[in-house]
Amino acid sequence: MSECRNYQKLINRYAMYKLTGDSLRDFVEHVVDCNDCREELEIYYTIRYGLEEDDSSNVNDNYKKYIDSCDYNGLVDKRIKDDLIVIRKNERLEKASSRMALLVNALLVFLLFLTLILKYF
Ligand SMILES: [Zn+2]
């Protein structure tokens with residue numbers, strides 16, 4: 001799929017934690033369901049940590065064990081899953097805060113009416 005090519009261009013940035021916001025969400029939501037892109041990501045990690053002997057000492061402890069045991073499939077799984085959890089949590093927070101904003105607005109309008117009623121009647 002040509003769509004995949006666009007996501008595969010982002011693999012490097014994703015792996016370096018440089019994707020944020022909507023582009024991170026789009027990437028993760030695609031890769032979680034796309035075996036081709038998942039495989040590309042796995043290949044990326046295999047080359048980065050397996051062949052180039054990239055230093056894994058600055059890698060998050062949650063991921064280190066996968067790198068140390070060369071389980072790049074597991075690494076991809078774990079990262080995608082972790083990112084999805086954070087993304088879903090942020091979505092819930094966003095929804096909750098927009099509902100809260102709506103409630104506050106409604107309350108303000110109500111108070112405005114109350115003030116007007118008390119003043120003029
Ligand atoms: Zn894809």
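## Around Y45

Leaving out residues up to four places away in sequence, Y45 touches Y72, L75 and V76; a contact here is a pair of C-beta atoms, placed from the backbone, within 7 Å. This is a predicted model, where local features need pLDDT of at least 70 and side-chain atom pairs count only at pLDDT 80 or more, while totals for chains, interfaces and linings use all residues. Residues are numbered from 1 along each chain as its sequence is written.

## The core

Y45 also turns up in the largest nonpolar core, a set of 13 residues in which F27, V31, L41, Y45, L75 and V76 touch the most other members. Such a core joins buried Ala, Val, Leu, Ile, Met, Phe, Trp, Tyr and Cys through C-beta atoms within 7 Å. Helices α3 (21-31), α4 (35-51) and α6 (72-120) each put in at least two residues, and α4 gives the largest share, with four.

Buried residues come to 13% of the 121 in the protein (buried: 20 or more other C-beta atoms within 10 Å of the residue's own; exposed: 12 or fewer; partly exposed: in between).

## Overall layout

What does the secondary structure come to? Six helices and zero strands, counting DSSP runs of H or I with at least four residues, or of E with at least two. The radius of gyration, taken over C-alpha atoms, is 23 Å, well over the 14 Å from the globule rule for 121 residues, so the protein is more spread out than a compact globule. That rule is 2.2 Å times the number of residues to the power 0.38.

Along the principal axes, the C-alpha atoms fill a box of roughly 80 × 35 × 20 Å. Of the contacts between residues at least 6 apart in sequence, 51% join residues at least 24 apart.

Technical notes
Contact = placed C-beta atoms within 7 Å.
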